[in-house]
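Please look over the sequence and the structure below before reading on. The paragraphs that follow go through the structure one part at a time.

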2 protein chains.
Amino acid sequence: MARRYDHHPEELHRLILAAGHAHLAEVGFFRFSAREVARRIGYSVGTIYHVFGTLDRLMFEINTITFRQWADLLECRLAVAGDRRLDALVEAYFDFAFEHRTLWQAIWAHQVPAGMILPERSAQDRSRLTAIVIAEVAAVLPEPRREEADQLARSLIATVHGHCDYALSGAFALMGTGSPIELAKARLQDALGAKQPQRGVS
Amino acid sequence: MARRYDHHPEELHRLILAAGHAHLAEVGFFRFSAREVARRIGYSVGTIYHVFGTLDRLMFEINTITFRQWADLLECRLAVAGDRRLDALVEAYFDFAFEHRTLWQAIWAHQVPAGMILPERSAQDRSRLTAIVIAEVAAVLPEPRREEADQLARSLIATVHGHCDYALSGAFALMGTGSPIELAKARLQDALGAKQPQRGVS
DNA sequence: CGTCTAATTAAACACCGTTCAATAACTATT
DNA sequence: AATAGTTATTGAACGGTGTTTAATTAGACG
């Protein structure tokens with residue numbers, strides 16, 4: 001026992017995160033197991049506790065990776081979007097959630113303990129998605145209302161989030177026409193349409 | 001071992017549900033324990049499995065109780081509401097979630113297994129909340145658009161849900177003016193305001 | 001070469017969900 | 001009333017979990 005320097009500390013940190021992220025994607029939040037992560041990388045559980053201190057911190061950092069990937073997707077989609085940029089954001093939001101269901105649900109399933117101190121870097125990664133939406137909402141708002149952008153953007157994110165969550169939980173299942181994603185777009189239109197006419201409105 | 005008829009089957013069923021509901025309210029979904037429920041009622045774990053077959057079924061029925069209480073609150077609030085009935089519904093939605101945080105979160109944390117067959121009674125209890133909102137949305141829509149009510153109501157529920165979930169998860173925490181509940185009301189106003197002018201609009 | 005530090009581990013603890021054979025209490029039949 | 005049959009209930013077992021800790025040992029430092 002007590003081998004060392006198979007991996008440098010940073011490397012080990014990344015190794016655990018990568019294995020943990022992959023494991024979480026496979027089995028989902030409720031069947032996630034720190035022991036299984038340890039098994040996968042050929043270390044013992046204790047090492048994970050040594051590196052992360054708490055399971056909550058490991059889960060938090062894994063979810064931060066997911067946040068980063070999610071924001072990356074939104075940026076990619078914006079880069080190739082036409083003039084209906086907010087619709088593109090809604091689609092990216094949904095697409096990520098549906099394509100990486102287990103990872104996305106883990107974000108919301110994990111309750112970060114009250115007192116936990118968050119690394120600055122993580123907070124930044126996690127707020128990127130919000131920042132992207134705020135910028136686009138601000139761009140769409142007419143000049144005098146631009147100071148609303150922050151609040152309004154968060155409200156619209158919550159709106160899309162609600163539709164996405166309901167769709168994944170099956171609550172929308174029995175509905176005929178009007179997919180959740182189209183309904184979400186319609187609600188954004190309701191909130192923004194009056195304030196700023198977009199081209200090509202459906 | 002093997003005492004009998006301390007409680008009739010129905011009584012035992014209710015006893016487990018009541019204890020389970022109370023336990024869930026205290027510790028939340030992630031620390032819920034079937035063994036603890038058994039301990040509380042003075043039976044062994046096996047009995048719970050005998051009565052409910054699966055932990056998932058027990059959790060499902062406990063959550064159904066929560067759904068029932070939630071719909072009850074909405075109805076009570078409607079009964080004493082003024083002319084801004086939808087605002088009253090939004091408030092009731094939030095109030096229940098905040099007052100019974102653990103129970104409310106358990107509803108969304110619990111993934112009902114795909115194949116599970118649901119008792120008719122439960123499905124009814126669970127759909128009541130939606131039905132209440134549909135009725136109020138229909139009442140507010142102008143005659144020609146009344147057939148939209150079903151879809152629109154679900155979309156508005158998703159909207160409020162998103163705001164509520166975000167608020168509880170702390171994502172709204174750092175915002176200045178404009179509480180989540182007021183933002184949710186504003187989004188409903190956006191969606192319905194144009195279609196039906198309400199008195200006393202803020 | 002010896003000392004110190006800290007990474008790593010095995011093992012232990014106290015739980016958990018789930019299953020199942022054994023048992024005892026009730027029911028039905030004679 | 002006695003017997004046979006049914007079934008509610010249990011304890012115990014199995015394999016898993018998160019978390020903690022003392023022991024070990026690889027590497028760093030003098």
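In this predicted model, eight residue pairs are in polar contact between chain A and chain B, counting pairs with both residues at pLDDT 80 or more. On the side of chain A that touches chain B, the elements giving two or more residues are helix 6 (101–109), helix 8 (149–169) and helix 9 (180–192) of chain A. Helix 8 of chain A supplies the largest share of that side, with 13 residues. Sorted by type, the residues on this side of chain A are 15 nonpolar, 10 polar and four charged.

The interface can also be described by its contacts and its area. In chain A, 29 residues are in contact with 29 residues of chain B. Between them the two chains, A and B, bury about 2,500 Å², and 59% of this lies on carbon and sulfur atoms. How many salt bridges does the rule find across the interface of chain A and chain B? The number there is zero.

Next comes chain A taken by itself. The secondary structure of chain A consists of nine helices and zero strands. Along the sequence, the pattern of chain A therefore reads α-α-α-α-α-α-α-α-α. A box of roughly 65 × 40 × 35 Å, taken along the principal axes, holds the C-alpha atoms of chain A. Chain A has 202 residues, and 45% of them are buried. Among the contacts in chain A with a separation of 6 or more, 68% are between residues 24 or more positions apart.

The largest nonpolar core has 82 residues. Which of these residues touch the most other members? They are A:Trp70, A:Tyr93 and A:Val137, together with B:Trp70, B:Tyr93 and B:Val137. For B:Val137, the contacts beyond its neighbours within four places in sequence are B:Leu86, B:Ala149, B:Leu152, B:Ala153 and B:Leu156.

Charged side chains come next. Side chains of opposite charge can pair when their charged atoms come close. Over all chains, the whole structure has 32 salt bridges. One of them joins A:Glu26 to A:Arg40, with 2.8 Å between the closest N and O atoms. This pair links distant parts of the chain, since A:Glu26 sits in helix 1 (residues 9–27) of chain A and A:Arg40 in helix 2 (residues 34–41) of chain A, 14 residues apart. A:Glu26 has a relative accessible area of 56%, so this residue counts as exposed. A:Arg40, with a relative accessible area of 37%, is partly exposed. Both residues also belong to a network of salt bridges that links A:Glu26, A:Glu36, A:Arg39 and A:Arg40.

Another salt bridge connects A:Asp125 with A:Arg121, where the closest N and O atoms are 3.3 Å apart. Why are A:Asp125 and A:Arg121 separated by about one helical turn? The reason is that they are four residues apart in helix 7 (residues 120–140) of chain A. Is A:Asp125 buried or exposed? Its relative accessibility is 6%, so A:Asp125 counts as buried. A:Arg121, by contrast, counts as exposed because its relative accessibility is 54%.

A:Arg154 is partly exposed at 22% relative accessibility, and A:Asp150 is partly exposed at 35%.

Two residues of chain B complete the tour. B:His23 is placed in helix 1 (residues 9–27) of chain B. Its relative accessibility is 3%, so B:His23 counts as buried. Leaving out residues up to four places away in sequence, B:His23 touches B:Gly28, B:Arg31, B:Phe32, B:Ser33, B:Glu36, B:Val37 and B:Arg40.

B:Leu15 also lies in helix 1 of chain B. With a relative accessible area of 29%, B:Leu15 is partly exposed. Not counting residues up to four places away in sequence, B:Leu15 touches B:His7 and B:Ile41. From B:Leu15 to B:Asn63 the separation is 48 residues in sequence, and 15 Å in space from C-alpha to C-alpha.

Technical notes
Residues are numbered from 1 along each chain as its sequence is written. Chains are lettered from A and ligands numbered from 1 in the order in which they are written. This is a predicted model: local features need pLDDT of at least 70, side-chain atom pairs count only at pLDDT 80 or more; totals for chains, interfaces and linings use all residues. Side-chain values use heavy atoms; hydrogens and water are left out. Contact means heavy atoms within 4.5 Å. Buried area is the accessible area (1.4 Å probe) that two parts lose on being put together, summed over both. A salt bridge is a side-chain nitrogen of Lys or Arg within 4 Å of a carboxyl oxygen of Asp or Glu. A polar contact is a pair of N or O atoms within 3.5 Å; within protein, one must be able to donate a hydrogen and the other to accept it, and residues adjacent in sequence count only if both atoms are side-chain atoms. Ala, Val, Leu, Ile, Met, Phe, Trp, Tyr, Cys and Pro count as nonpolar, Asp, Glu, Lys and Arg as charged, and the others, Gly among them, as polar. A nonpolar core is a set of buried Ala, Val, Leu, Ile, Met, Phe, Trp, Tyr and Cys residues joined through side-chain atoms within 4.5 Å. Buried means under 20% relative accessible area, exposed over 50%, partly exposed in between (1.4 Å probe, protein chains only).
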